[in-house]
Amino acid sequence: MNKFDYTRASDLADAVRQIAADPAAKFIAGGTNLIDLMKENVARPSRLIDITRLPLDKVEETEDGGLRIGALVPNSDLAYHPQVEARYPLLAAAILAGASPQLRNMASTGGNLLQRTRCLYFYDPTTPCNKREPGSGCSAIDGINRMHAILGTSEHCIASHPSDMAVALAALDATVHLHGPDGERSVPATDFHRLPDDHPEQDTVIRPGELLTAIQLPPVATGTRSRYRKARDRASYAFALVSVGAVLDVQDGVVRRAALAFGGLAHRPWRARAAEEVLQGAPATEDTFARAAEAELAAARPLRDNGFKVPLARNLAVGVLTDLAEIEDPADPGPSRPA
Ligand SMILES: Cc1cc2nc3c(=O)[nH]c(=O)nc-3n(C[C@H](O)[C@H](O)[C@H](O)COP(=O)(O)OP(=O)(O)OC[C@H]3O[C@@H](n4cnc5c(N)ncnc54)[C@H](O)[C@@H]3O)c2cc1C
Ligand code: SF4
């Protein structure tokens, strides 16, 4: 671990001022990802700017009937928030499918979205990795790539995005709020994380000096239900091989609205637009759900070790959509715990 300074931000303006003055500095929230990266010499910040005292720890109702979640709301508080459990069970389940209770108590909403890939080569500074050291090469393409992406990859990086919560936010059409040297701006959650292209070192569209301040959830459309399901190597404490977040509205046996996002398949949470096109207005049957998943996965480019993700993603999506379509009581939002 390198030597670093430690300071505390007194307010938003101070946080942005401090990071603008030292581009090699990093914000620290729960520290559950950043400290690991520092211990492995993957991250070498000159200074840690502690943002944990900033007033970003509230979950508030918005005027349009949605929720605004401060960037410092702990993952566990968010998962067990009564309004999240009742209205956004997909989000509660996604958070509870990640990490461990102790980690979720420390981890923040902003830090969760900004956590870095779990590619094992990224964590090993003795190997080439374009994300850690641009231009050095990608060890995973011809290496061990069982956990890696099959959609939207590039010749420079095939890493998959690790956050469960981000998959739920993509399916829910959430918005990410940022505060930086040029003021405030907002980005749809579906556009916040990037594909690797020729700049895999950039995970997101966040600009230098910007602080993630909040996530905003739109109101829940009447009649919709949502669910999250994750396939992983162990029952807990493991990142997704594949995960699915789905929002579905079925009336008289026909899909009125569907939003589908995959985790574990790409460098960012993968909103499944091709699948949604197949679902929209179609009969809510297992056959439709299978055709939708297959339409999305037609673009998959598996590598040596991760071909199993294609049928796994298909079957997971079909299972989640079938479960959602078969819930008969409209008052029942489905289970809010990981299945
Ligand atoms: C053993 C283990 C298992 C895990 N399993 C899972 C899992 O299954 N699923 C899953 O989704 N996650 C999992 N995680 C990851 C965990 O969810 C993240 O480490 C955590 O959410 C990061 O939040 P944090 O507040 O600790 O971030 P930090 O470590 O403090 O920060 C992470 C990054 O975000 C930046 N940052 C933090 N907050 C802000 C902000 N407001 N604005 C701008 N930049 C900011 C920091 O500078 C840093 O670069 C696991 C972690 C561990 C250690
Ligand atoms: S997949 Fe990406 S993160 Fe992993 S070694 Fe290749 S460049 Fe690095």
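A crossing of two helices is called right-handed if the near helix is turned clockwise from the far one by less than a right angle, and left-handed if anticlockwise. In this predicted model, helix α11 passes helix α12 in a right-handed crossing. Two packed helices are described by the angle between their axes and the distance between the axes. For α11, which covers residues 286-297, and α12, which covers residues 309-326, the angle is about 145° and the axes lie 9 Å apart.

The contact between these helices involves E286, F289, A290, A293, E294 and L297 on the α11 side. Their partners in α12 are V310, A313, R314, A317, V318, L321, T322 and A325. By class, ten of the residues in this contact are nonpolar, one is polar and three are charged.

Along its principal axes, the C-alpha trace spans about 60 × 50 × 35 Å.

Rolling a probe the size of a water molecule over the atoms shows where empty space is left. Three cavities of 30 Å³ or more were counted. The largest cavity has a volume of about 90 Å³. It is lined by 17 residues, of which C119, C129, C138, A140 and C157 are the closest to its centre. The lining of the largest cavity comprises ten nonpolar residues, six polar residues and one charged residue.

The second largest cavity has a volume of about 60 Å³. Its lining is formed by Q115, R116, T117, K131, A159, S160, H161, P162, D203 and H267. In this second lining, two residues are nonpolar, five are polar and three are charged.

Methods. Residues numbered from 1 in each chain as written. Chains lettered and ligands numbered in written order. Predicted model: local features only at pLDDT ≥ 70, side-chain atom pairs only at ≥ 80, totals over all residues. Heavy atoms only, no water. Axes fitted to C-alpha atoms, helices over the stretch in contact; angles between N-to-C directions. Helix = DSSP H or I, 4+ residues; strand = E, 2+ residues; numbered from the N terminus. Contact = heavy atoms within 4.5 Å. Nonpolar A, V, L, I, M, F, W, Y, C, P; charged D, E, K, R; others polar. 1 Å grid on protein atoms, 1.4 Å probe; cavity = no way out; pocket = protein on both sides within 12 Å on 5 of 7 lines; lining within 4 Å. Points joined across faces, edges and corners; volume = space filled by probe spheres on them.
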